[in-house]
Amino acid sequence: GAECSEETEYALNLGNNLISYTLSDCGSIEEVLPDDVEECVYAIAGEGVAALNTDSGWVGSLTALCPNEGYWFVNQCDDIEFRFNETTSLARSVSLKESPYPYYQSSQQAFYFIQSIENIKVGDWILAYNGDKVIGARQWQGAIVDVPAMGNDGSDITNGYMEENSTPQFKLLKN
């Protein structure tokens with residue numbers, strides 16, 4: 001593909017849009033999205049991470065957009081055009097703790113945002129299953145968390161993962 005400029009203008013259609021991030025430094029979602037665009041973006045998903053735009057701000061494991069990464073933006077407004085704002089602070093993507101029950105990344109993925117679970121404590125794990133197969137996991141940090149659920153993308157490593165119109169089961173692994 002052609003190299004993108006930091007001045008790249010993006011056009012987001014209503015619904016899902018796959019775009020790149022062209023700035024040279026990571027930037028927090030709040031910082032790099034123009035305010036009028038931020039109010040239109042319902043959610044952003046990357047590889048195994050996601051963020052949901054709530055009345056309280058962005059929640060989930062995706063906290064920053066970084067160079068050389070692609071993201072799915074869910075636009076809930078009519079078509080919009082924008083450029084990313086230059087970063088003024090140092091932002092880093094959150095380094096997530098590796099799951100005690102590994103699973104494979106899939107191009108077919110969904111995220112379930114969980115606000116609370118009875119008797120959960122910081123450090124506990126929420127595991128997503130399809131039958132007896134772990135298809136996602138996230139460690140509880142005390143606030144709304146996004147739990148990935150990987151789907152079958154046709155490869156051998158995702159055989160037995162979620163299929164269209166199926167629902168994962170969630171289990172709590174106490175620390």
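A: Start with the pair C40 and C77. The torsion about their S-S bond is about -95 degrees, so this disulfide is left-handed. Helices (H or I, at least four residues) and strands (E, at least two) are DSSP runs, numbered from the N terminus. The sulfur atoms of C40 and C77 are 2.1 Å apart. A disulfide here is a pair of cysteine sulfur atoms within 2.5 Å.

A note on the source: this is a predicted model, where local features need pLDDT of at least 70, side-chain atom pairs count only at pLDDT 80 or more, and totals for chains, interfaces and linings use all residues. Residues are numbered from 1 along each chain as its sequence is written, and side-chain values use heavy atoms, without hydrogens and water.

C40 has a relative accessible area of 7%, so C40 is buried. The classes are buried under 20% relative accessible area, exposed over 50%, and partly exposed in between (1.4 Å probe, protein chains only).

The structure holds 2 disulfides. The other pair is C26 and C66, with sulfur atoms 2.0 Å apart. C26 lies in the loop between β2 (15-20) and β3 (27-28), and C66 in the loop between β7 (64-65) and β8, so this bond ties together parts 40 residues apart in sequence. The torsion about the S-S bond of C26 and C66 is about 115 degrees, so this disulfide is right-handed. C26 has a relative accessibility of 18% and therefore counts as buried. C66 has 9%, so C66 counts as buried too.

What is the pairing when the bonded cysteines of the protein chain are numbered in sequence order? It is 1-3, 2-4. C26 pairs with C66, and C40 pairs with C77.
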